[in-house]
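Biologist: I have the sequence and the model open. Walk me through what stands out, please.

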Amino acid sequence: MSLLNPFNKRPGLNTATILLVENEEQFQQSLANVLVEETAVTVNVRLAKTLPLPMKNDESRPRIDLVVFIINLTLDKSVKSAKASLKYLDPGYFLGKVCFMVTNARQALGCTGRLDAVRQLAVSLHCPLLCAEDQTPEGVTSSARRLLTILKVASSLVPNTTALYLSNLTRCAMPPDIDQPSFD
Amino acid sequence: MDDSAKRLLQRLVRRIPTQMLRDTLDKWERLTAKQRAFVDFTQSKWTITQELLAVCEERELNVKHIAELEMIYVIGNPNQGMWHTFQLVDAEDDAHSLELVQFKEQFKTHLSELKRNVAVKIKKHTDEAVWIRIAWGDTFSRPNHLKATYVVHYLQTPFVFVSGLLSKHKPLLLQVLTLSTRHQGIKDANLSGQKLTAIRDLLMRQYQHVFPTKYPSPLAERNRSVSNLHIENEQAEASANRHRMAGEAFGNGMLPALQSAVYKLETKFRDLTNETMTERDKPLRCVVKFSSPNILESLRHCASTGIASTPVTPLLSSIPLKGRNYFVITDNAPSASSQMCQTQD
């Protein structure tokens, strides 16, 4: 099985690589354009629609430091495709190198169920869940900035911090009235 | 001016938006410039009607002239009403050299032989289309100009577009068309829509095609721009393949704005989770209708983003390929107009 492995390649000097997985292939393009503008670090962006990634790129692909699943909450297929792609990640990624980004979380009609489902997924995998706004340039820039913060930590470019440590701070938690068992 | 002319004029003024009314009257050329200036287009439609009636009375215009005005309006704005397409079959030897004058004579003769009291107007538009306006009457009544039928035919093509035809006049019109275009038969082409320009462009294949080639992409660029160097699409090839196949099925660039596609299913119900329905022997009759401001554009987008699987299924690709938007699907072996229906999740 071609699992994507976080530690089987050597990292580059002052380089960070991020993989954006999105079924619709739209938001990832505008995010990528903003992410590569970062000057302090060389950011490589890889775009994909689903996992597994094609084998023929294995040689040339750098070590992927952060995998971001972009989910459009208005489309059911988006959620399903992201869930199906999760199988192709080595478990090592779930120690702080995976992140979920959802768009259109404000659309209440019919989406609350999906938002909860994605939140449950993020909780069970101990990953952060970011809500993003993809229609305006400001929204794209702010989402890119947040991703860059997590990316720098995940690619070990921030001293005294590791991805695992950060994930403990940023991981998603379900609101207590929904998930936690009552202690009565 | 008699009653029917007055009523037709009133109907027209109500129907045509004021700005277009001014342009249409200019094109009509039956009123002098002074008379056109007399009509005040900023007033209410009722006032405009009264003024126009007065002006037309001065010029002693009758219902035929008003019919001309309506025809000019419809030719300029053909995307209204419902147009149906017919296809002429079995051309005789001299069908390909049919000329406008000959066609006009034949059409008028045949029509008047078959039905009395019919008012016909034939006009050739600049883009080779022959427009025919028919007001039907019968032995006891005058032609009814309020419910005219419009026919558009491109000479030397087998296609005829009809709008506003009542079913009692249909066999008559079809017969006259067949005779005057020197063919032996005519059949329904299963293509209908509101926009005449769209169905015409679809049928005559007037949009940008993508032809399948063995080497679809040119040599890859050696020098990529700096920002692109850091962005890499992992599944670029798959994505490009999907785009190409969607383009091959539907075409590139602007597509004719077809607005609906109807599939009439007469297939057996197939769903593994539902035993009772699957056991029935008789086919389940159901009609599936797709509608959109531009159906071909939507389907092309579905195919290129992977929502519809590629290579595009013949159920969808036969819309542009065969130029029809009404299909009847049965369970028989695949043939020209019926294909196997697949279960959808």
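**Salt bridges, helices and the interface**

Biologist: What is the relative accessible area of B:E128?

Modeller: B:E128 has a relative accessible area of 48%, so B:E128 is partly exposed. Buried means under 20% relative accessible area, exposed means over 50%, and partly exposed lies in between (1.4 Å probe, protein chains only).

Biologist: Before we go on, what am I looking at, and how is it numbered?

Modeller: This is a predicted model, where local features need pLDDT of at least 70 and side-chain atom pairs count only at pLDDT 80 or more, while totals for chains, interfaces and linings use all residues. Residues are numbered from 1 along each chain as its sequence is written, chains are lettered from A and ligands numbered from 1 in the order in which they are written, and side-chain values use heavy atoms, with hydrogens and water left out.

Biologist: Fine. Which residue does B:K124 form a salt bridge with?

Modeller: B:E128, with the closest N and O atoms 3.6 Å apart. A salt bridge here is a side-chain nitrogen of Lys or Arg within 4 Å of a carboxyl oxygen of Asp or Glu. B:K124 is partly exposed too, at 39% relative accessible area.

Biologist: How many salt bridges over all chains?

Modeller: The structure holds 22. One is in chain A, between A:D76 and A:K80, at 3.4 Å for the closest N and O atoms.

Biologist: Where do A:D76 and A:K80 lie?

Modeller: Both are in helix α2 (residues 76-86) of chain A, 4 residues apart, about one turn of the helix. Helices (H or I, at least four residues) and strands (E, at least two) are DSSP runs, numbered from the N terminus. An α-helix has 3.6 residues a turn, so residues three or four places apart point the same way. A:D76 is partly exposed at 38% relative accessible area, and A:K80 counts as exposed at 55%.

Biologist: Switch to chain B. How far apart are the end C-alpha atoms of α10(B)?

Modeller: They are 21 Å apart, which agrees with the 21 Å that the 15 residues of α10 (residues 236-250) of chain B should span at 1.5 Å a residue. The expected span is 1.5 Å times one less than the number of residues.

Biologist: Which residues of α10(B) are buried?

Modeller: B:S239, B:R242, B:A246, B:G247, B:A249 and B:F250. They cover an arc of only 165 degrees around the axis, which puts them on the same side of α10(B). The arc is that of the directions from the helix axis to the C-beta atoms.

Biologist: And what covers them?

Modeller: The cover includes α12 (295-304) and α13 (314-322) of chain B. Contact means heavy atoms within 4.5 Å. After α10(B) comes B:G251, with a positive phi near 105 degrees.

Biologist: Now α12(B). Which of its residues are buried?

Modeller: B:I295, B:L296, B:L299, B:R300, B:A303 and B:S304. Their arc around the axis is only 160 degrees, which puts them on the same side of α12(B). Among the elements covering them are α8 (196-203), α10 and β9 (284-291) of chain B.

Biologist: What does B:E297 pair with?

Modeller: B:E297 forms a salt bridge with B:R300, closest N and O atoms 3.2 Å apart. Both lie in α12 of chain B, 3 residues apart. B:E297 is partly exposed at 34%, whereas B:R300 counts as buried at 15% relative accessibility.

Biologist: On to the interface. How much area do chain A and chain B bury between them?

Modeller: About 1400 Å², 40% of it on carbon and sulfur atoms. Buried area is the accessible area (1.4 Å probe) that two parts lose on being put together, summed over both. In residues, 20 of chain A are in contact with 12 of chain B.

Biologist: How many salt bridges across it?

Modeller: The rule finds 5 across the interface of chain A and chain B. B:R242 and A:E25 meet in a salt bridge at 3.4 Å, N to O.

Biologist: Which elements of chain A supply at least two residues to the side that touches chain B?

Modeller: α1 (27-35) and β2 (42-48) of chain A each do. The largest share, 7 residues, comes from β2(A).

Biologist: Last one. Where is A:N57?

Modeller: A:N57 is in the loop between β2 and β3 (66-72) of chain A. A:N57 is buried, at 11% relative accessible area. Leaving aside its neighbours within four places in sequence, A:N57 is in contact with A:R46 and B:E234.
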